[in-house]
Number of protein chains: 2
Amino acid sequence: MNFSRTTEYALRIMSFMAMNEQKLYSANEIYANLKIPFRYLRKLLTTLSKSGLLISVQGKSGGYRISKDLSEISLLDIIQQTGDNKFKNECFFGFHDCAFVKKCAMHDKWAAVRENINQVLTTTTLEEIKETGPHSFISNNNSVFTKND
Amino acid sequence: MNFSRTTEYALRIMSFMAMNEQKLYSANEIYANLKIPFRYLRKLLTTLSKSGLLISVQGKSGGYRISKDLSEISLLDIIQQTGDNKFKNECFFGFHDCAFVKKCAMHDKWAAVRENINQVLTTTTLEEIKETGPHSFISNNNSVFTKND
DNA sequence: CATAAATGATACCTTTGGGTATTATTTAGA
DNA sequence: TCTAAATAATACCCAAAGGTATCATTTATG
Ligand code: SF4
Ligand code: SF4
């Protein structure tokens with residue numbers, strides 16, 4: 001399935017930080033582990049901070065820390081912070097104004113799919129992710145990018 | 001849920017044409033019913049023709065017709081022609097190289113979601129869509145665009 | 001056979017998401 | 001108190017998707 005790249009980044013970041021939930025991570029340290037393009041990572045981290053999922057500490061030896069209890073952060077919570085407003089109650093065909101005096105074949109089927117997805121995303125929390133680790137946190141993506149900061 | 005706009009267009013086009021599966025539709029006629037930006041619609045129609053889902057007839061009084069029996073065209077068939085290669089067997093987090101000596105919490109859950117989606121998309125054919133019509137084929141999107149061709 | 005009405009091909013423009021560069025601010029600690 | 005190491009803010013750049021414009025080709029029909 002496909003979320004936006006940004007959403008995938010956010011999911012990785014939060015999952016990674018959940019491995020040590022009290023710890024204050026610097027952007028450098030996250031970069032070292034996740035290899036997300038550094039400056040973009042920086043931007044994303046401040047976004048996540050503003051959204052309330054992370055707390056940021058400025059100054060030397062500053063960084064980011066997860067703001068709430070892991071059990072209170074669902075994967076959907078994370079996904080919603082990065083603009084991926086998928087899984088809303090939309091028409092399968094992308095219509096905004098279907099009258100459906102009689103529903104088409106996809107209406108209920110697709111509603112069930114959405115329900116299924118939402119169920120998984122809202123009930124799975126970072127706590128569960130932490131417990132079931134480890135998974136690989138280094139993405140190859142065989143892409144090479146520079147850090148220089 | 002979100003497919004690309006182009007995929008949504010393709011789904012609408014094919015579903016609409018399925019309502020009268022033998023008929024030769026001109027781009028003009030499809031435009032009149034679906035209000036997809038005209039020149040983009042034209043482009044898409046030739047794409048669908050090249051992909052084999054439609055047969056095109058050139059010249060005056062030409063147009064497009066669905067190429068196969070409706071029961072042989074699944075929604076997934078349509079989706080796959082427009083580059084939306086979603087629902088592949090990918091990692092939830094977007095990793096390409098997870099070792100998973102021990103699978104993370106999302107691995108099987110997400111595989112089940114994908115399976116669910118694929119099931120719906122491969123088993124639902126245009127025939128079924130035709131039978132369960134009508135649904136609205138006019139999208140408002142309150143967007144105004146010109147035709148001029 | 002000329003014309004009109006259709007599709008085909010191709011190049012270009014625009015918007016958006018992803019990514020980079022630069023400068024400013026905060027703060028621990030020598 | 002100066003410096004280094006961190007985050008914050010802002011503006012810019014690039015590539016891909018969506019959309020437009022132009023011209024060429026096909027063919028029914030007068
Ligand atoms: S009936 Fe079909 S076309 Fe209408 S809103 Fe539901 S899914 Fe969309
Ligand atoms: S175990 Fe988790 S991280 Fe690894 S491939 Fe499966 S879903 Fe992705």
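For these legends, Ala, Val, Leu, Ile, Met, Phe, Trp, Tyr, Cys and Pro count as nonpolar, Asp, Glu, Lys and Arg as charged, and the others, Gly among them, as polar. The model is predicted, so that local features need pLDDT of at least 70 and side-chain atom pairs count only at pLDDT 80 or more, while totals for chains, interfaces and linings use all residues; side-chain values use heavy atoms, with hydrogens and water left out. Residues are numbered from 1 along each chain as its sequence is written, and chains are lettered from A and ligands numbered from 1 in the order in which they are written.

View 1. By class, the shell around ligand 2 has seven nonpolar, two polar and one charged residues. A residue is near a molecule or strand if one of its heavy atoms lies within 4 Å of it, and around ligand 2 these residues are A:His135 together with B:Cys91, B:Phe92, B:Phe93, B:Phe95, B:Cys98, B:Phe100, B:Lys103, B:Cys104 and B:His107. Because residues from chains A and B surround ligand 2, the site is shared between chains.

View 2. Ligand 1 lies between chains A and B, and the residues around it are A:Cys91, A:Phe92, A:Phe93, A:Phe95, A:Cys98, A:Phe100, A:Lys103, A:Cys104, A:His107 and B:His135. The shell of ligand 1 divides into seven nonpolar, two polar and one charged residues. One of the residues around ligand 1, A:His107, belongs to helix α5 (residues 105–123) of chain A, where helices (H or I, at least four residues) and strands (E, at least two) are DSSP runs numbered from the N terminus. A:His107 counts as partly exposed because its relative accessibility is 32%, given that buried means under 20% relative accessible area, exposed over 50%, and partly exposed in between (1.4 Å probe, protein chains only).

**View 3. The interface of chains A and B.** In this interface, 48 residues of chain B are in contact with 47 residues of chain A, contact meaning heavy atoms within 4.5 Å. The area buried between the two chains is about 4,400 Å², of which carbon and sulfur atoms give 62%; buried area is the accessible area (1.4 Å probe) that two parts lose on being put together, summed over both. There are two salt bridges between chain B and chain A, a salt bridge being a side-chain nitrogen of Lys or Arg within 4 Å of a carboxyl oxygen of Asp or Glu, and the side chains of B:Glu128 and A:Lys109 meet in a salt bridge at 3.0 Å, N to O.

**View 4. The protein surface near DNA strand C.** Of the 28 residues around DNA strand C, those that come nearest are A:Thr6, A:Arg39, A:Lys43, B:Thr46 and B:Ser56. Sugar and phosphate account for 63% of the atoms of DNA strand C that come within 4 Å of the protein. By class, this surface has six nonpolar, 14 polar and eight charged residues, and α3(B) gives the most to it, with four residues.

**View 5. Individual atom pairs at DNA strand C.** From chain B, a polar side-chain atom of B:Lys50 lies 3.5 Å from a phosphate oxygen of DNA strand C.

Technical notes. Polar contact = N/O pair within 3.5 Å; in protein donor to acceptor, adjacent residues only side chain to side chain.
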